[in-house]
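Here is a short tour of some aromatic rings and their surroundings. Have the structure open as you read.

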Amino acid sequence: MLELSPSLLSANFANLEADIKKLEEGGINYLHLDVMDGNYVPNISFGPVVIKSIRPMTDMIFDIHLMIEKPERYIEEFVNAGADILTFHYEASTHVHRTLQNIKSYGIKAGVSLNPATPLDTLEYIINDLDLVLIMSVNPGFGGQSYIEAMSRKIKSLKEMRQKHNADFIISVDGGIKTGNVRNVINMGAELIISGSDVFGADDIMSRLREYKEIFDEYR
């Protein structure tokens, strides 16, 4: 697979429905939803109430990224809000394996996110329980940051690790990705590309989506 998952955090919150419709018209299948609690990361975004309110607007896959402490407390709420994928940070949950199993028990996909300084070997004993691994290529909490170049090695190593263990999960990358560097990220092994400000901050969102599609088509 190779898909773009625009981050709603960078959208126009005064008119979310219009921006969501633009994504649909642009052929986007995934919508990335960043949930921040002001504790795990130094910012606050939105929660299940907002997600539930936009769920009827689209059939896109809701790719929800929980940047919150103790995510296991809120799994059912986000499932009920319309989550298709729930990803949480490795450091945020005391019992990572249990949290993964809990998410999967609702019939949705479960993922783990790794901060830039979090090593890949933390995945060693849960690797076959994962549906998705999200590599943070910036430090989480704020949009508009620059891509950390060392993460290219990490993405490549994750792809090799997946092959070594014969695992089956999506490799997702979030942070500082633009049309100018997305080829490098894809070449390293990324499959689900998160981009916020580069999509919603463009003068013409539809034109920017076409740029991504043209790049992705080179790999299909």
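R162 lies over the face of F169, 5.7 Å from the ring centre. R55 is placed over the face of F62, with 3.6 Å to the ring centre. A charge counts as sitting over a ring if NZ of Lys or CZ of Arg is within 6 Å of the ring centre and within 35 degrees of the ring normal.

This is a predicted model, in which local features need pLDDT of at least 70 and side-chain atom pairs count only at pLDDT 80 or more, while totals for chains, interfaces and linings use all residues. Residues are numbered from 1 along each chain as its sequence is written, and side-chain values use heavy atoms, leaving out hydrogens and water.

How many aromatic pairs does a search of the whole structure find? There are two, where rings of Phe, Tyr and Trp (its six-membered ring) pair if their centres lie within 6.5 Å; planes under 30 degrees apart are stacked, over 60 edge-to-face and the rest tilted.

| Pair | Centre to centre | Angle between planes | Class |
|---|---|---|---|
| F13 and F46 | 5.8 Å | 40° | tilted |
| Y212 and F216 | 6.2 Å | 75° | edge-to-face |

F13 lies in the loop between β1 and α1 and F46 in the loop between β2 (30–36) and α2 (48–54), so their pair ties together parts 33 residues apart in sequence. Helices (H or I, at least four residues) and strands (E, at least two) are DSSP runs, numbered from the N terminus.

F46 is buried at 8% relative accessibility, whereas F13 is partly exposed at 42%. Buried means under 20% relative accessible area, exposed over 50%, and partly exposed in between (1.4 Å probe, protein chains only).
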